[in-house]
Amino acid sequence: MSDSVSATVKRSWLIPFWVGSALLAVIGVSVLGLYWGVYNVAADVPHTRPVFRLLEAVRDRSIAVRAADIVVPSDLSDPERIAAGAGQYAEMCSSCHLAPGMKRTEISRGLYPRPPELRRGSRVTAAEDFWIIKHGIKATGMPAWGITHDDELVWDVVAFLRKLPELSPEEYRAIVRTAPKNHDAMMKEMESGDGHGSHQD
Ligand code: HEC
């Protein structure tokens, strides 16, 4: 082998060598950082901006992909559905997501990420609302209501969420008062099979 050929062969090994070393260094530093507890998981210290952006992108894409095939019922503007959803919202959601005329609660102030005030409107589609309410969101405090509630009850809540931004405090209180059943009655009906019953992802 001539000198120039062997120099080229030697140089062709240099790039993989440095790339491999850099990768090992990054993995080593990450493992040490993890062991030393460098990242603060405290709920009273916000994520750094890159971590926040990354988590937001993971959440949004995860939900969008999974909600893509969900069929939205055509009767979401049915006043009975909205009233049933209002009753559930007041009992199950308002402690975190608040409601028109309601002061911030201790739990809504302490949670991180902060539960959005849903009366300010939704940034997601009705199908995505359904998926989020049914399955919850890991490590955020947003529970999976589908474990204890059937799909129709979840759609009632989605129907109410679509109406919520239009409601004044007085209208909110009035619509909650018209809720057809209290929570216990609704759950009993669901368990005995008299209520609804369909399921989809
Ligand atoms: C214990 C507190 C808590 C309760 C109770 C709760 N949520 Fe949430 N919810 C959260 C948190 C925190 C988030 C934000 C998650 C995030 O930022 O990824 C959230 C997110 C959401 C979102 C997504 C909003 C968006 O724009 O991304 C919807 C929709 C939602 N909740 C609906 C509900 C409904 C409906 C109920 C009641 C059936 C409910 N939540 C009950 C804490 C709660």
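Which of the 24 residues around the ligand come nearest? They are Cys-93, Cys-96, Pro-113, Thr-140 and Met-142, where a residue counts as near a molecule if its C-beta atom, placed from the backbone, lies within 6 Å of it. Two elements each give two or more residues to this shell, namely α4 (94-97) and α6 (126-135). By class, the shell holds 16 nonpolar, five polar and three charged residues; here Ala, Val, Leu, Ile, Met, Phe, Trp, Tyr, Cys and Pro count as nonpolar, Asp, Glu, Lys and Arg as charged, and the others, Gly among them, as polar.

Before going further, a word on the model. It is a predicted one, in which local features need pLDDT of at least 70 and side-chain atom pairs count only at pLDDT 80 or more, while totals for chains, interfaces and linings use all residues. Residues are numbered from 1 along each chain as its sequence is written.

Now step back to the whole chain. It has nine helices and zero strands, taken as DSSP runs numbered from the N terminus (helices are H or I, at least four residues; strands are E, at least two). With a radius of gyration of 25 Å, well over the 17 Å that the globule rule gives for 201 residues, the chain is more spread out than a compact globule; the radius is taken over C-alpha atoms, and the rule is 2.2 Å times the number of residues to the power 0.38. Along the principal axes, the C-alpha atoms fill a box of roughly 90 × 35 × 30 Å. Buried residues make up 19% of the 201, buried meaning that 20 or more other C-beta atoms lie within 10 Å of a residue's own C-beta, with these atoms placed from the backbone.

Let us return to α6. Seven of its ten residues are buried, so this helix is largely enclosed by the rest of the structure. Trp-131 and His-135 are among the buried ones, and the cover over them includes α2 (49-67) and α7 (151-163). Just after α6, Gly-136 takes a positive phi of about 70°.

Leaving aside neighbours within four places in sequence, Ala-86 is in contact (C-beta atoms, placed from the backbone, within 7 Å) with Phe-160, Ile-175, Val-176 and Ala-179.

Technical notes: A residue is buried if 20 or more other C-beta atoms lie within 10 Å of its own, exposed if 12 or fewer, and partly exposed in between; C-beta atoms are placed from the backbone. Two residues are in contact if their C-beta atoms, placed from the backbone, lie within 7 Å.
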